[in-house]
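Colleague: I would like a close look at one part of this model, taken slowly. Please keep to what can be computed from the atoms.

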Amino acid sequence: MVRRRRSRSRDWEPPARPVWPGGGTGSGSGRRSSGGAELERLPANMAAAEQQQPLVEGSAGGGGSSPGSVPVLFCFSVFARPSTVPHGSGYEVLIQKFLSLYGDQLDMHRKFVVQLFSDEWSQYIDLPKGFLVGERCKVRLVPLQIQLTTLGNLTPSSTVFFCCDMQERFRPAIKYFGDIISVGQRLLQGARILGIPVIVTEQYPKGLGSTVQEIDLTAAKLVLPKTKFSMVLPEVESAIAEIPGVRSVVLFGVETHVCIQQTALELVGRGLEVHIVADATSSRSMMDRMFALERLARTGIIVTTSEAILLQLIADKDHPKFKEIQNLIKASAPESGLLSKV
């Protein structure tokens with residue numbers, strides 16, 4: 001039997017705390033909403049939840065369920081999808097099932113609560129604490145909060161650097177390529193000092209060559225060839241999923257209006273905050289670069305500079321790595337033609 005309490009209010013157990021579908025309750029680290037609740041990012045690898053709880057489909061009437069399983073109708077927005085869960089499943093299993101059924105449709109900037117349809121009240125009620133599935137039932141996932149405002153705060157523990165296609169064959173074609181190589185290398189040195197993971201891609205290296213020699217890739221977590229313009233490849237998503245607590249991506253390289261733009265938009269679509277380093281990003285055409293940065297800024301992507309990134313990551317003169325970062329930025333980044341074309 002589904003464990004429910006009767007109408008007497010003193011017998012009612014408090015509802016389970018709202019959580020991110022990834023399992024967080026909002027009490028840990030994460031972004032802060034206008035109401036003050038701290039949120040965790042929805043996990044990038046939705047398949048992980050599906051592996052933990054295999055998807056076994058049942059009919060709307062409960063037919064086709066395996067022994068020991070219970071038919072459950074999972075509702076979200078305008079959708080209703082029948083499935084099954086093991087007898088005695090609790091809150092976490094329901095969350096995992098919602099992920100496997102609706103993961104690609106969930107807004108990663110929202111907090112959710114699971115509700116149970118009550119025959120007694122003829123409406124949905126908050127799932128009581130300690131709820132276990134014992135008979136066929138209907139549950140729904142309800143978003144609680146409005147979309148969060150991106151604040152742009154960076155911490156080393158929640159940041160990853162993306163270096164995009166800084167390759168030899170682009171050298172004669174990309175405007176101010178020497179300048180963005182210099183700044184890119186400074187960023188990679190800062191990442192090494194602060195222990196920030198770095199992911200590097202190379203666009204069709206067979207034809208366009210490898211990453212330029214000036215860029216030191218020895219500390220990179222991943223160096224990956226690609227033909228897709230965006231850096232968001234399955235291998236990259238897997239690498240991000242292996243890094244706990246990632247919320248922000250610092251992105252630089254070429255070309256601003258192609259690979260950088262498409263990468264940034266895909267990352268934002270996956271709930272990550274993106275910082276594009278203007279003095280380490282360029283294109284063959286300054287008009288393409290300018291309009292790409294303007295478009296990205298309008299979508300809420302943060303367009304900033306290498307020095308601002310590095311100083312925000314240490315945040316305090318008393319940071320143990322301050323001196324090393326200070327040495328990196330003693331010489332200002334090149335003041336090239338990029339400045340007037342942002």
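At what angle do helix H6 and helix H7 pack, and how far apart are their axes?

Modeller: The model is a predicted one. In it, helix H6, residues 256-269, packs with helix H7, residues 286-298, at an angle of about 15 degrees, and their axes are 9 Å apart. Angles under 35 degrees count as roughly parallel, and H6 and H7 are therefore roughly parallel to each other. The crossing in which H6 passes H7 is right-handed. On the H6 side, the contact is made by Thr256, His257, Gln261, Ala264 and Leu265. H7 contributes Asp288, Arg289, Ala292, Leu293, Arg295 and Leu296. By class, the residues of this contact comprise five nonpolar, three polar and three charged.

Thr263 also lies in H6. Its relative accessibility is 0%, and because buried means under 20%, Thr263 counts as buried. Neighbours within four places in sequence left aside, Thr263 is in contact with Phe162, Phe229, Ser230, Met231, Val232 and Leu251.

Burial can also be followed in another helix. In H9, residues 322-329, the buried residues include Phe322, Ile325, Leu328 and Ile329. These four cover an arc of only 120 degrees around the axis, so they are on the same side of H9.

How values were computed. Residues numbered from 1 in each chain as written. Predicted model: local features only at pLDDT ≥ 70, side-chain atom pairs only at ≥ 80, totals over all residues. Heavy atoms only, no water. Axes fitted to C-alpha atoms, helices over the stretch in contact; angles between N-to-C directions. Helix = DSSP H or I, 4+ residues; strand = E, 2+ residues; numbered from the N terminus. Parallel < 35°, antiparallel > 145°, perpendicular 65-115°, else oblique. Left-handed = near helix turned anticlockwise from the far one by under 90°. Contact = heavy atoms within 4.5 Å. Nonpolar A, V, L, I, M, F, W, Y, C, P; charged D, E, K, R; others polar. Buried < 20%, exposed > 50% of the residue type's maximum accessible area, 1.4 Å probe, protein only. Arc of directions from axis to C-beta.
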